[in-house]
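The stops below follow the salt bridges.

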Amino acid sequence: MWGIYMDNRYGLLKVQEANLKILKEIDRLCKKYDISYTLDAGTLLGAIRHNGFIPWDDDADIAMTRQNWQLFKRVAQRELSEGFNLVLPDDIRDSKAFYDFTPRVIYEKSRRHEPEKEDVFYDGKLNKLWVDIFILDVLPKHKAPAFFIKSLQKTIYLLSMGHRYRLDYKKYTPLYKIAVFIMSSIGRLFKMRFLFTFQERLSKLFSSSKKSAFLYYSNYQPDYLYVTLRKEWIKNTFYIKFEDIQLPVAENYEEILRIVYGDYMKLPPKNERKPSHKSLEIEVYE
């Protein structure tokens, strides 16, 4: 049966249970094929600070290097268990639409809300609960080319926004509104398939470089591109308690969390302890 849950504590727990199922499925495949990955962002923070999900968090994230991602993509497309599916950014509308550059494992037995026009635009593939997969690519060792690569990634993202269902200008500063309007308008002149290809090739540009010690989240949103990691921080992982299982975290997780959250063990103010996606209704098949 379908259970309908509003944004209260009980509903949030059901969402986290579904996200945990996805994490377990990902971990099963990664163990089977010796694929290295780490919990990331708020999920990493939750593992360290709460031994599981942040109590008010409603999503889950992992990260892996390009080499591990390419292996995971191959095995996931043929071996994910029933009820799970890998959705690639260019799977939607035959590469003619843009949501973001993030692949995700979705839980088919879920629905975020009643279908809307936007869901139809994205082939219904994003009206699910999912785990985001962020890809870590090699960044040039020198500051100038590294800055150029990140700036170019931001430019590609802004151009691609011209292929979204709609743009929500309310969340942007006045100056950024102008940038989004201009760049997204120009982006409509390019086919989205071309932009997907350009972004991937740019991301893999330095994959074979052994001189650089740095990585960055090539497929994250522009506001997260300031994060730069050292290869050694994620070279090794170890398993720690996460809810009722053990999941991997980067050996130098402290460095990552300090960059993203600062004093990461400090709880935010109570008024900020709320789900980030603000879904009004979620359905989970039980």
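Is E118 buried, partly exposed or exposed? E118 is partly exposed, at a relative accessible area of 21%, where buried means under 20%, exposed over 50% and partly exposed in between (1.4 Å probe, protein chains only).

This is a predicted model, in which local features need pLDDT of at least 70 and side-chain atom pairs count only at pLDDT 80 or more, while totals for chains, interfaces and linings use all residues. Residues are numbered from 1 along each chain as its sequence is written, and side-chain values use heavy atoms, with hydrogens and water left out.

The term covers a side-chain nitrogen of Lys or Arg within 4 Å of a carboxyl oxygen of Asp or Glu. The two lie 48 residues apart, E118 in helix α4 (residues 117-121) and R166 in the loop between α5 (143-160) and α6 (174-187). Helices (H or I, at least four residues) and strands (E, at least two) are DSSP runs, numbered from the N terminus. R166 is exposed, at 55%.

Next, select D94 and R193, whose closest N and O atoms are 3.4 Å apart in a salt bridge. This pair links distant parts of the chain: D94 sits in the loop between β4 (84-87) and β5 (104-107), R193 in helix α7 (residues 192-203). D94 is partly exposed at 48%, and R193 is partly exposed at 44%.

Move to helix α9 (residues 253-261), where R258 and E255 are 3 residues apart and so separated by about one helical turn. Their salt bridge has its closest N and O atoms at 3.9 Å.

The model's count is 16 salt bridges.
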